[in-house]
Each structure stands twice: as structure tokens, then as C-alpha cells.
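Good morning, and thank you for coming.

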Amino acid sequence: MFVVHSTPTDLWPPSDDELAAHIEFIQQLNSSRTTFLSGPLLGKDDAWDGNGVTAIRAESLDDAIRIMTDEPLALAGRRQQTIHRWAITSGCLTISLSVSDAGTRTA
């Protein structure tokens, strides 16, 4: 597991199209089950200044770097990324099972 900390550059904020491309990129990672968790880091009064964190499943640091190479906000120079291996040593994970007429899924 790796954590990607994205921080804004002097070119922040992104255009609407760049932000939409970033969201689409994260959704693609979600669809491939690469993303564990992802979201913005909020400051005072829940204001977003461009910082964000994404935890991804990857075999190695090189693999994590390869996965994040095409992240649109980094490609546009709006954010820079720092990637670290995450040694999870504590916490709690709750699994939810939803059953409906549409089928079964786990979240």
C-alpha cells in the first residue's frame, strides 16, 4: 500500500476541465480497484487549498510511480506528488454488504 500526498504548486488552481480529468482518473483507479482511499485535505472552515491524499495498492514504489504518472493535475503542473510506502500498523476497517434486487456488492 502506498500513499500519494499531492500538494498544490504556484500554478494552482486548476481549470474545470483539469479538475474533471483528475476526478475521471481517480474513478478509473477505483474501477480497477487500485484506490484504497482518496480525497482532498481540508483546512480551516473546510476550505480546500489543493492538498489531497490517495492511498493506492501497488507492488512496489516504481509501480506506484507508474500508476500516478498520468494523474492530470500533476501532468498540468498544478500539483506535485510525494509517494510513500504505507506501513499500516493500526486502525479499524468495517465491511458493509448490501443486498437488493440489483444484486450484491461489497463496499
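I shall describe the sheet, then the helices, and then some individual residues.

Please note that this is a predicted model. Let us begin with the sheet. In general, strands of a sheet pair through backbone hydrogen bonds, in either a parallel or an antiparallel manner. Here, four strands form an open sheet in the order E2-E3-E1-E4, and their pairing is antiparallel. Strand E2 (35-42) and strand E4 (79-85) stand at the edges; each has a single partner strand, so one side of each has no neighbour in the sheet. On average, neighbouring strands are turned by 15° against each other, direction ignored. Six bridges join E2 and E3 in the antiparallel sense, and Ser38 stands opposite Thr54 in E3.

Next, the helices. H1 packs on the sheet and touches E2, E3 and E4, its direction making about 150° with that of E2. Helix H2 (residues 61-68) also packs on the sheet; H2 touches E1, E3 and E4, and its direction makes about 155° with that of E4.

Now to individual residues. Is Ser6 buried or exposed? Ser6 lies in strand E1 (residues 2-8), and its relative accessibility is 6%, so Ser6 counts as buried. Its side chain makes a polar contact with the side chain of Arg79, at 3.4 Å.

Finally, the structure holds two aromatic pairs. One of them is formed by Trp12 and Trp48, edge-to-face, with 5.2 Å centre to centre and 85° between the planes. This pair links distant parts of the chain, 36 residues apart: Trp12 is in the loop between E1 and helix H1 (16-31), and Trp48 is in strand E3 (residues 48-56). Trp48 counts as partly exposed because its relative accessibility is 34%.

Technical notes. Residues numbered from 1 in each chain as written. Predicted model: local features only at pLDDT ≥ 70, side-chain atom pairs only at ≥ 80, totals over all residues. Heavy atoms only, no water. Helix = DSSP H or I, 4+ residues; strand = E, 2+ residues; numbered from the N terminus. Buried < 20%, exposed > 50% of the residue type's maximum accessible area, 1.4 Å probe, protein only. Polar contact = N/O pair within 3.5 Å; in protein donor to acceptor, adjacent residues only side chain to side chain. Phe/Tyr/Trp six-rings, centres within 6.5 Å; stacked < 30°, edge-to-face > 60°. Pairing = 2+ DSSP bridges. Axes fitted to C-alpha atoms, helices over the stretch in contact; angles between N-to-C directions. Contact = heavy atoms within 4.5 Å.
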